[in-house]
Amino acid sequence: MTLEKARELLAVQAQMGGGYNRNGARLILAEVQREHGQQAVDAFISEFDLEQLFGFLPGTEFKAP
């Protein structure tokens with residue numbers, strides 16, 4: 001997944017909020033982490049304020065089930 005595609009998908013998840021969207025965002029971040037590393041994940045957490053919205057902290061490792 002490209003970073004631009006991940007940004008588009010995360011924007012939708014962040015706009016909607018809620019538990020299901022939290023799980024969707026977690027899966028997107030897991031894919032970003034696998035392909036682009038922790039630095040890209042931390043940048044998205046900051047960009048979309050996912051710490052406040054979903055409780056995702058910078059430095060958290062996300063893994064797909």
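Tutor: Helices (H or I, at least four residues) and strands (E, at least two) are DSSP runs, numbered from the N terminus. This is a predicted model, where local features need pLDDT of at least 70, side-chain atom pairs count only at pLDDT 80 or more, and totals for chains, interfaces and linings use all residues. Residues are numbered from 1 along each chain as its sequence is written, and side-chain values use heavy atoms, leaving out hydrogens and water.

Student: What order do the elements of the chain follow from the N terminus on?

Tutor: They run α-α-α-α, with four helices and zero strands in the chain.

Student: What makes the chain as compact as a globular protein of that length?

Tutor: The globule rule is 2.2 Å times the number of residues to the power 0.38, and the radius of gyration is taken over C-alpha atoms. For 65 residues the rule gives 11 Å, and the chain's radius of gyration, 10 Å, is close to that, so the chain is as compact as a globular protein of that length.

Student: Why is Asn-21 called buried?

Tutor: Buried means under 20% relative accessible area, exposed over 50%, partly exposed in between (1.4 Å probe, protein chains only). Asn-21 has 14% relative accessibility, so Asn-21 counts as buried. Its place is in helix H2.

Student: Which residues does Asn-21 touch, not counting residues up to four places away in sequence?

Tutor: With contact meaning heavy atoms within 4.5 Å, Asn-21 touches Gln-13, Met-16 and Phe-54.
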